[in-house]
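Thanks for coming, everyone. Let me put the structure up, and then I'll go through salt bridges and helix packing.

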Amino acid sequence: MPARPDYASFIAGHAEVIERINSGEAGLPILGVVLRLAQEALGAAGMTFAEYGPSGGRIVAASGAAEWALGRPVDKGSPTTRRLLTGLRTQVLSLDRIEGDFPHQATGQGLHTMLVTRAILGGLVVGSLQAFYHEAEDLPTIEHHTLIEFVATNLAHMYGHQAGLPVHGDGPVVAALADGLAIIDFDRKVRLWNPAAEEVTGLSAAEVLNATLPFPIPVLGQTLDHRLTDGRWLKITASELTGTVDSIVVTFRDTSDQHRRDGDRDLFVALTSHELRTPVTVIKGYADTLNSHWDELPEYERRHAADVIGQRASELAKLVDRLLSAADQTGPSAGSPPTPFDLVEALRVAERDLPTALRRRLLVRLPVELPKAIGDRSTITTILTELVTNADKYSEDGTGIELTAHTDERTVVFRVSDRGIGVRPEHVERAFDRFWQAESGDRRRFPGAGLGLYLVRRVIERQNGWVSLRPRDGGGTVAEVRLPRG
């Protein structure tokens, strides 16, 4: 570790970052550039940035010797994470003295020390920034602390501007400890603004008092649903203030989660009807043809019709299973408890179970053997099928899809790589959202319900593994699955 940060390279690189932001770049691409810049300036071996939402966190950007952690979930309830989120803002930790899987995996990568700080926006922790070092001979100095805090502050401002960040959905939604409450006078000016109102809206009392209420007032005694500019929803009620003739009490709460659940339900119904209609129509059409014209059809046409019915019925069964799994909030069946298994052998068996058309496109480049992986062997066929199907859907005919695998000190890895249309940096995490699709409307070029990657992530994370997407050098996409090494 250098005795002092490399300020010259950091300032030069920071100026480039500002230019790129001013030219319209945002989100994960800029986040990645900032991490690489901070890594060089801090003399670190690698960097990660974990984004936090209401229920958990995830590493959404990584660089250097920490790139293996990209996509890894972060348990906000673990003792280590709680300590990082509530203790000193910036801390230096020896990884071999921290409990949990992540420090164990990091030491397996040759990393020893972690310098970590929080990215705070309006009093809320939106993420944490980690710098990793191989050796513990030189501990970070106060200058290293100051620089990493400066970088984290800049990242927090990026979240405040909401330019491509947060990565996940609507980002960190703060549930109010109580309903927000405002009292307004006959001029509709705010005279009281309680702390919960600040929590719900993000607007301080100093910004709101003596100004017009920043959202509509419902008819007295009625309820109004209102959407804020940041996408969150408020449920607002209003009534007269007892003992006055010119004041109104307005109460409001954040109902974004309820709206999201309602939207998921409506989308599920719409997708179910849309995705089931095609195979059902084809099956019915061929069945009616066979029933009405059996004697008139030659043998090869009858066989073709039966083959199509069987194929579509299989597709229908898989689609129904995926829809039911996605509708179940508890997720797909947990299956067998994690146990050691031969990943290479499991992948070869799963490859033989792929449809013929997919097998012809798949270039299998697996090592003879790897250390055992810890997980549920029975899920590998489903995972591989979903990833290869996804790669096939977004790739031109004639281009290959590669299946590779390797290991490091703590994980066993396999990758499905294609030369398709690629994935935009701002979509690498959203692609795992339930029902999310890069295109919408009736002119979508690519079919599907937006469930495959969502189910893959849930299945893998039940096995203490993780999955990530990233653009492939030269064009295309890489899907990477990591499972604990036995």
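**Salt bridges and helix packing**

E299 is partly exposed, at a relative accessible area of 41%. Keep in mind that this is a predicted model.

What does E299 pair with? R302 forms a salt bridge with E299, and the closest N and O atoms are 2.8 Å apart. Now the accessibility of the partner. R302 has a relative accessible area of 17%, so R302 is buried, since the cut-off for that is under 20%. Both residues sit in helix α9, residues 299-327. They are 3 residues apart there, which means a separation of about one helical turn.

Next pair. R361 and D392 meet through their side chains in a salt bridge, 2.7 Å from N to O. Are the two ends buried or exposed? R361 is buried, with 11% relative accessible area. D392 counts as partly exposed, at 26%.

Third pair. R365 forms a salt bridge with E402, with 3.4 Å between the closest N and O atoms. This one links distant parts of the chain. R365 belongs to strand β13, residues 362-365, and E402 to strand β15, residues 401-407. The two residues are 37 apart. E402 comes out at 19% relative accessible area, so E402 counts as buried, because the limit is under 20%.

Then there is a network. Which residues are in it? Salt bridges link D408, R415, R470, E480 and R482. How many salt bridges are there in total? The count is 20.

Now the helices. Start with α1, residues 7-22, and α2, residues 28-42. Their axes are 9 Å apart, and the packing angle is about 175°. An angle over 145 degrees counts as roughly antiparallel, so that is the label for α1 and α2. Which residues meet? From α1 we have S9, F10, G13, H14, V17, R20 and I21. From α2 we have I30, V33, V34, L37, E40 and A41. By type, the residues of this contact split into 8 nonpolar, 3 polar and 2 charged.

Now α12 again. Helix α10, residues 343-352, packs against helix α12, residues 380-393. The angle is about 60°, and the axes are 9 Å apart. On the α10 side, the contact is made by L343, A346, L347, A350 and E351. On the α12 side, it is made by I380, T381 and L384. The residues of this contact divide into 6 nonpolar, 1 polar and 1 charged.

Last, the whole protein. The secondary structure comes to 13 helices and 18 strands. What share of the residues counts as buried? Of the 486 residues, 45%. And on sequence separation: take the contacts between residues at least 6 apart in sequence. Of those, 60% join residues at least 24 apart.

Conventions:
Residues numbered from 1 in each chain as written. Predicted model: local features only at pLDDT ≥ 70, side-chain atom pairs only at ≥ 80, totals over all residues. Heavy atoms only, no water. Axes fitted to C-alpha atoms, helices over the stretch in contact; angles between N-to-C directions. Helix = DSSP H or I, 4+ residues; strand = E, 2+ residues; numbered from the N terminus. Contact = heavy atoms within 4.5 Å. Nonpolar A, V, L, I, M, F, W, Y, C, P; charged D, E, K, R; others polar. Salt bridge = Lys/Arg side-chain N within 4 Å of Asp/Glu carboxyl O. Buried < 20%, exposed > 50% of the residue type's maximum accessible area, 1.4 Å probe, protein only. Parallel < 35°, antiparallel > 145°, perpendicular 65-115°, else oblique.
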